[in-house]
Amino acid sequence: MHKARVVTVLTYHARSKHAPDRYAAGPGTRDWDAQPKAFRDWDDAQRSALPRDIVVSDISWGDLPAQRPALTLNPDNLGSLLRLCVGLTAWKEYGGARWSLRAHPSSGNLHPTETWLIAAGVAGMEDGLYHYHNLYHGLERRAWGGDPQAAGAWLGFSSIHWREAWKYGERAFRYCQLDMGHVLAAVSYAAALHGWKPRLLLQDSADIARALGIDRVEDFAGVEAEEAEVIVALHATDAALPTDWQRWAGKPGLLDNHPLYQWPVIEEVAHATRGAPPPATVPPVSIPARTEVIRAAQVILNRRSAQAFDGASVMPHSVFTRMLASLLPGESPVWNLWPNMPRVHPVLMVHRVEGIAPGLYVLPRTASAKESLQAAFREAFTWQPADAGLPLFQLIAAKAGKTARTLSCHQDIAERCAVTFMMVAEFAAPIAANPAAYRHLHWEAGMLGHVITLEAEAAGWRGTGIGCFFDDADHEVLGLQGDQFQVIYHYAVGMALDDARISTLPAYE
Ligand SMILES: Cc1cc2nc3c(=O)[nH]c(=O)nc-3n(C[C@H](O)[C@H](O)[C@H](O)COP(=O)(O)O)c2cc1C
């Protein structure tokens, strides 16, 4: 059983690779007018608006690490938190088309992640399970009851694979998982601003599905299924998660009434990777003090993915090192929500950074990873220490812009940015030990991307996730053989060029 799950994961990973001469299986044609709905309505569920004010708007990005008293769990503060992690941040308009953006990026802006709130003993709220409706910034009441002894608030997350699979075919499961990582990182920052110390529950997928009611087959008959991902306790509470719902309401709306393709391999890999997140292995640490004066909420709400970079600006050395330092354990609130030994390590193609020669670099996030990466990478790599304060090593000096572009499915952003990242995951061993690690490695890569993006944004730069890359061509460049390590995400960071033709409208106001 366990072995079969491992095989399913490795087979899925191999067949969902892109190569220059063979992209992973996806739809041959796309009817853009038939895109699945971006927002799921729960028909016949009672809907209530959440307060829209950001209650922590005066905190600077530099003060983010400061310990602050936990705000009360109430609708004002929960509304503020939800806006800062999964809420809409803007509407965009161009040539008759209109689309919304959210606090976290998403592959193809398709947003497969659904958010749930479980409330118990929260002032001003009835206990129960609620679906968060991003479009209205409101809650839809899904279940009543729970445990009268429990006290706390939990966020639950599920993925609707079809939203991504519709466009990307078999590779879509990976994108759902990378998105989940971005969401978890977004929750970490938003919670830190409210003085909350979020924690992942070590619940198994089946328990999560039960707690969120997404295992209720009869409710989902004829509509797209939701896959359980994870539950986050918003503030340190030992109370057991209420799951004993007594009454249910609402039916999930259909997102796509004319699905053209089926990608059964996605449900197979989803099934094979069910499980609980890994238990904490690293004690929480306090994050070093910072000096940036820009408001943290402004950084979060203004975050955008660059659609084009200027191909010229040189990133200041201080911005570069600050960004890399935040990727190390204990240097961002994200790593307190994910208190595990790092298993994903950035390789950088540096194009334009002050004081750093163009070339290929690696930032092993643990000492043991440095050793194993050194043994696995090309022998010709020099491993020259490249920074006094960071575990950053130059592998080879080279102008890698064209290579970065080719490896990233020929996307210009990978060449015209200042740095292109490849996220190298410890792969075969964690998955052999626990196939659910396939999800967790993608979450970790998504979290790294999110930290890069927010750090860049705070300094006036911008990041963009790159889910489209040629897997084995990356491995060839690095000299990686077999699947001890696999690259699972790319990221670009640089000076963005804005498209003046696109107009921006407020999210809710
Ligand atoms: C997992 C993931 C993969 C992505 N892949 C690409 C990509 O290959 N190319 C690209 O231009 N943008 C990519 N993006 C950026 C999305 O297109 C962008 O997040 C989305 O359009 C929403 O815009 P926003 O980030 O400005 O809110 C990716 C984002 C994520 C999270």
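## Burial of His161

A residue counts as buried if 20 or more other C-beta atoms lie within 10 Å of its own. His161 has 21 other C-beta atoms within 10 Å, so it is buried. The structure in question is a predicted model.

His161 lies in helix H3. Not counting residues up to four places away in sequence, His161 touches Pro112, Ala172, Phe173, Cys176, Glu227, Ile266 and Ala270. Pro391 stands 230 residues from His161 along the chain, and the C-alpha atoms of the two are separated by 37 Å.

## Helix H3

Helix H3 spans residues 161-168, and eight of its eight residues are buried, so the helix is largely enclosed by the rest of the structure. The buried residues of H3 are His161, Trp162, Arg163, Glu164, Ala165, Trp166, Lys167 and Tyr168.

What do the buried residues of H3 pack against? Their partners are strand S8 (152-159), H4, strand S10 (227-233) and helix H6 (264-272). After H3 comes Gly169, with a positive phi near 65°.

## Domains and their contact

Two domains make up the division of the protein: domain 1 covers 36-272 and domain 2 covers 305-494. A distance of 28 Å lies between the C-alpha centres of domain 1 and domain 2.

Contact between the domains involves 23 residues of domain 1 and 21 residues of domain 2. On the side of domain 1 that touches domain 2, H4 gives the most, with 15 residues. By class, the residues on that side of domain 1 are 15 nonpolar, six polar and two charged.

## Nonpolar core

The largest nonpolar core contains 151 residues. Within this core, the residues with the most contacts are Cys85, Leu117, Ile118, Val187, Tyr361, Val419 and Met423. H4 supplies the largest share of the core, 16 residues. Domain 1 (36-272) and domain 2 (305-494) each contribute at least three residues to this core.

Leaving aside neighbours within four places in sequence, Val419 is in contact with Met315, Leu348, Met349, Val350, His351, Val353 and Val493.

## Seven-stranded sheet

An open sheet is built from seven strands in the order S15-S16-S14-S13-S17-S19-S18, and the pairing is antiparallel. Strand S15 (384-385) and S18 are the edge strands, each pairing on one side only.

Inside the sheet, strand S17 (residues 419-426) and strand S19 (residues 485-494) run antiparallel and are joined by eight bridges. Thr420 stands opposite Ala492 of S19.

## Ligand shell

The ligand is surrounded by 19 residues, of which the closest are Pro105, Asn109, Ser305, Gly465 and Gly467. Helix H4 (172-193) and strand S18 (462-466) are the elements that give two or more residues to this shell. H4 provides the largest share of the shell, four residues.

What classes of residue form the shell around the ligand? The shell has seven nonpolar, 10 polar and two charged residues.

Why does the ligand lie between domain 1 and domain 2? Both domain 1 (36-272) and domain 2 (305-494) give residues to the shell, so the ligand lies between them.

## Helix H4 across the structure

The buried residues of H3 pack against H4, among other elements.

Methods. Residues are numbered from 1 along each chain as its sequence is written. This is a predicted model: local features need pLDDT of at least 70, side-chain atom pairs count only at pLDDT 80 or more; totals for chains, interfaces and linings use all residues. A residue is near a molecule or strand if its C-beta atom, placed from the backbone, lies within 6 Å of it. Ala, Val, Leu, Ile, Met, Phe, Trp, Tyr, Cys and Pro count as nonpolar, Asp, Glu, Lys and Arg as charged, and the others, Gly among them, as polar. Domain bounds come from an automatic or database domain assignment. A nonpolar core is a set of buried Ala, Val, Leu, Ile, Met, Phe, Trp, Tyr and Cys residues joined through C-beta atoms within 7 Å. A residue is buried if 20 or more other C-beta atoms lie within 10 Å of its own, exposed if 12 or fewer, and partly exposed in between; C-beta atoms are placed from the backbone. Two residues are in contact if their C-beta atoms, placed from the backbone, lie within 7 Å. Two strands pair if DSSP finds at least two bridges between them.
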